Amino acid sequence: MIPNIAAFKTLIKDRVGLHFFKGMEGLLNAALHQRISERGKESFAEYYEKLSVSTTEFDKLLSLLTINETYFFREPDVLDIVCDKLVPRMLEQRSGPVRILSAGCSSGEEAYSLAIKLHQKFQHKFADNVEIHGCDIDSKILEKARSANYSSYSFRGVDPLLQQTYFTRNGNQYQLHDVIRTKVAFQRANIVKEQLLPKFDIILLRNVSIYFDVETRRTLHFNLLTMLQPEGALFFGNAETLANNFGILRLKQEFGNFYFCQPKTSRAQIPATEVKPRLITPVIPVEAPFIAAKVPSAQQCDSWIKKALACVADKRFAEAETLIEMVLNTDIHHQQALVIKGAIALEKCEFEQTAVSAKQVLALDEWSAEAKMLLGLAMMWQQHTQQAIAWFKQVVYQQPGYWPAHYYLAEMYRQSELYRPAQRTYRITLQLLNAEMSRADNACTLRLPLSFLSHSFRFLCEHQLAQLPTQDGQ
Ligand SMILES: C[S@@+](CC[C@H](N)C(=O)[O-])C[C@H]1O[C@@H](n2cnc3c(N)ncnc32)[C@H](O)[C@@H]1O
């Protein structure tokens, strides 16, 4: 089959995430024709074959496709926050160098702008306290970044005095001084497929995600979650931030700007006063600063989750737990894995573990009805009736069609001798059950691996309604 443009688009998106939105296909067409003619008139099919197997050829084509537009001190408000607020605060609160990553750094202007600003602020101490790294998928543009030789086009709006202080003019070009150039280490990396480690305190990922579709941006967020320190900050370009709010990282507003950080967990906060600032061993991060680890893909996690659910259904809990741990080792904040972990603990009567997992889910998503249902059940089995009522009420409020929540709420009312609310709630449960059983589809389900058999529960509701006293104090 002769590959069409769609086949090339798929290959490129799968490898590096770049998505050719309508209007950008012309760029891909032009790049393909350029490479095919430079290589000596191969057919489309031959070129596709070559591209699939040769990383060198892939890189050459990629260099024609990436949009490397950048300049010094672009969107300076974020650079000010990083250099004037976050870096000083981080240095005060803990030891060790502050590690910054300019991801999708292109020809290096963003990373060097940070280095210049930090040099202005900290002078020679800066080298000891801050590491700056830049990474990009495009090897060719990284050569330019390392050489740090720029035309006047890179200095749009830069103060001429600052330009004179840090650059030496050579004809039409401006060479960055070594005092700054040597402070940034550049590395080729694909941020969609690789995690750069050790973790970073600050990541700038500006004007890169606009070339990715939603699915790729979500995958990217899971990588970033792993790459970001617990107290770290991740900045997108000003116009990109809201389009990147997937609830994976937490959006925070500080110093008049938005950035993303790790979701809230029960991690203990280090009190700032206990940690004194100290000078850190100088770091010259030019040689091999990163370990690029292969990330198990989102599909891999999905397949582990599916297998885990099958194991839970067969009551093979140990196997299910192993699979869930594999998912959580990849992504400690995987919401569905945490829910399943909580449900397995419930099946094993480990109610405290159920509550821990459910609360972790609520820290990620305060509207998780699954987590609230798990908490209700864990409280119920521990005889904490009032707390169970409170959780089941919340589920009923959020998911009025989910009959198991109504049923257990009715049970809790009955145990508390609140007979009228119990009757009312059993009746609602019955109505929902009857409606569900007369339909082929399920009316309302939660993503919980717990099975509630409709027939048994209908019998129980009818039985309780027949038994309940008709009078109570309500
Ligand atoms: C428009 S530039 C942004 C430069 C700089 N961050 C700024 O805001 O001025 C986008 C850069 O992202 C890089 N890029 C695109 N996909 C990437 C990927 N999967 N991994 C790393 N870099 C990528 C491109 O090569 C390009 O140099």
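Reader: How far apart do the C-alpha centres of domain 1 and domain 3 lie?
Author: In this predicted model, where local features need pLDDT of at least 70 and side-chain atom pairs pLDDT 80 or more, while totals for chains, interfaces and linings use all residues, those two centres lie 49 Å apart. Residues are numbered from 1 along each chain as its sequence is written, and side-chain values use heavy atoms, with hydrogens and water left out.

Reader: And which residues belong to which domain?
Author: The chain is divided into domain 1 (5–65), domain 2 (76–294) and domain 3 (298–467), with bounds from an automatic or database assignment.

Reader: Changing topic, how many cavities of 30 Å³ or more does a search of the whole structure find?
Author: The search finds one, a cavity being a set of points on a 1 Å grid over the protein atoms alone where a 1.4 Å probe fits but cannot get out. The largest cavity has a volume of about 400 Å³, counted as the space filled by probe spheres on points joined across faces, edges and corners. It is lined by 26 residues, of which Ile67, Gly104, Asp136, Asn207 and Val208 are the closest to its centre; lining means an atom within 4 Å of a point.

Reader: Why does it lie between domain 1 and domain 2?
Author: Both domain 1 and domain 2 give residues to the lining of the largest cavity, so it lies between them.

Reader: What takes up the space of the largest cavity?
Author: The ligand does, with more than half of its atoms within 2 Å of the grid points.

Reader: How far is an N or O atom in the side chain of Asn207 from an oxygen atom of the ligand?
Author: That pair is 2.7 Å apart, while a nitrogen atom of the ligand lies 3.2 Å from a backbone N or O atom of Ile137.

Conventions: Polar contact = N/O pair within 3.5 Å; in protein donor to acceptor, adjacent residues only side chain to side chain. 1 Å grid on protein atoms, 1.4 Å probe; cavity = no way out; pocket = protein on both sides within 12 Å on 5 of 7 lines; lining within 4 Å.
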